Amino acid sequence: MITHLTIPWSGMPPRLTHHDPVTCLNVTGVGEPGGAEHRSAIGALYAVASAMGCPYGPLEGRWWVEDTSLPPLEVPRDQWRWHLLLALPGVPEPGVAEAAREQARAVSAAVDRVLVVTFAEGECVELLHEGPYSEEKASLDVMEAFMAERGLVPHGLHHEIYLTDFAAPEPRTMLRQPVAHLSS
């Protein structure tokens with residue numbers, strides 16, 4: 001009889017972090033990661049960021065599903081919702097993003113969907129996932145166990161920071177989950 005199931009894990013352990021507000025270029029969409037809509041949104045983000053001429057962080061994604069009758073990873077991928085982001089060093093001057101969208105419009109009509117947004121996540125659990133996206137579930141399970149041990153629950157959108165190119169064969173992804181303490 002099995003009384004305890006151990007999840008094999010060789011990566012770095014999860015950690016608690018705190019994240020203040022950050023300003024980003026953002027595109028919101030629906031669809032499978034790597035699908036046409038997703039690729040178009042990524043291209044639009046980079047086109048606008050390049051036209052702005054300022055430094056920006058790595059590609060990030062905040063993910064959710066609306067069908068709560070299933071665990072999120074069991075919802076068909078074409079129904080996944082996302083905000084794709086590029087962090088900026090600060091809030092751009094008025095008109096800069098609009099001018100960059102206009103300049104980048106020849107590259108992609110999706111640039112009209114690129115917005116400047118500011119959001120804060122506060123307390124989060126983070127874990128570095130090294131390997132294919134298809135194997136993230138093991139990392140997410142480790143994060144869930146870490147949260148449960150500390151009386152934490154998800155409190156915001158699942159967040160991924162892509163530390164390698166999105167199409168890299170051996171991607172490195174920082175997984176982040178905003179959390180809150182369980183009420184007693």
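Which residues line the second largest pocket? In this predicted model, the lining consists of Gly 34, Arg 39, Ile 42, Tyr 46, Pro 58, Leu 59, Tyr 162, Thr 164, Asp 165, Phe 166 and Ala 167, where, on a 1 Å grid over the protein atoms alone, a pocket is an open set of points at which a 1.4 Å probe fits, with protein on both sides within 12 Å along at least five of seven lines, and a lining residue has an atom within 4 Å of a point. The model is a prediction in which local features need pLDDT of at least 70 and side-chain atom pairs count only at pLDDT 80 or more, whereas totals for chains, interfaces and linings use all residues. Residues are numbered from 1 along each chain as its sequence is written, and side-chain values use heavy atoms, with hydrogens and water left out.

The protein chain contains three helices and nine strands, helices being DSSP runs of H or I with at least four residues and strands runs of E with at least two, numbered from the N terminus. Along the sequence these elements follow the pattern β-β-α-β-β-α-β-β-α-β-β-β. The radius of gyration of the protein chain is 18 Å, close to the 16 Å that the globule rule gives for 184 residues, so the chain is as compact as a globular protein of that length; the radius is taken over C-alpha atoms, and the rule is 2.2 Å times the number of residues to the power 0.38. Taken along the principal axes, the C-alpha atoms fill a box of roughly 65 × 30 × 30 Å. Of the 184 residues, 42% count as buried (buried is under 20% relative accessible area, exposed is over 50%, and partly exposed lies in between, with a 1.4 Å probe and protein chains only). The accessible surface of the protein chain, from the Shrake-Rupley method with a 1.4 Å probe, comes to about 10200 Å², of which 57% belongs to carbon and sulfur atoms. Among contacts (heavy atoms within 4.5 Å) between residues at least 6 apart in sequence, 76% join residues at least 24 apart.

The largest pocket holds about 980 Å³ of space, a volume being the space filled by probe spheres set on grid points that are joined across faces, edges and corners. Of the 32 residues that line the largest pocket, Trp 63, Pro 72, Leu 73, Leu 140 and His 158 are the closest to its centre. Two or more lining residues are given by each of β3 (59–64), α3 (136–149) and β8 (158–162), and the largest share, seven residues, comes from α3. By class, this lining has 17 nonpolar, six polar and nine charged residues, where Ala, Val, Leu, Ile, Met, Phe, Trp, Tyr, Cys and Pro count as nonpolar, Asp, Glu, Lys and Arg as charged, and the others, Gly among them, as polar. The second largest pocket has a volume of about 170 Å³; helix α1 (residues 36–52) gives the most to its lining, with three residues, and the lining divides into seven nonpolar, two polar and two charged residues.

His 159, in strand β8, counts as buried at 0% relative accessibility; leaving aside neighbours within four places in sequence, His 159 is in contact with Glu 60, Gly 61, Arg 62, Leu 85, Phe 119, Glu 121, Met 174, Leu 175 and Arg 176. His 129, in strand β6 (residues 122–130), is likewise buried, with a relative accessible area of 4%, and, with residues up to four places away in sequence not counted, touches Glu 135, Glu 136, Ser 139, Pro 171, Arg 172, Thr 173 and Leu 175.

Arg 15, placed in strand β1 (residues 15–19), counts as partly exposed at 46% relative accessibility; its C-alpha atom is separated by 9.6 Å from that of Arg 176, 161 residues apart along the chain. Pro 154, in strand β7 (residues 152–154), counts as exposed at 53% relative accessibility, and its C-alpha atom lies 29 Å from that of Ser 40, at a sequence separation of 114 residues. Ala 110, in the loop between α2 (96–104) and β5 (115–119), is buried, with a relative accessible area of 7%. Ala 110 and Ser 40 are 70 residues apart in sequence and 6.7 Å apart in space, C-alpha to C-alpha, and, not counting residues up to four places away in sequence, Ala 110 touches Ser 40 and Ala 44.
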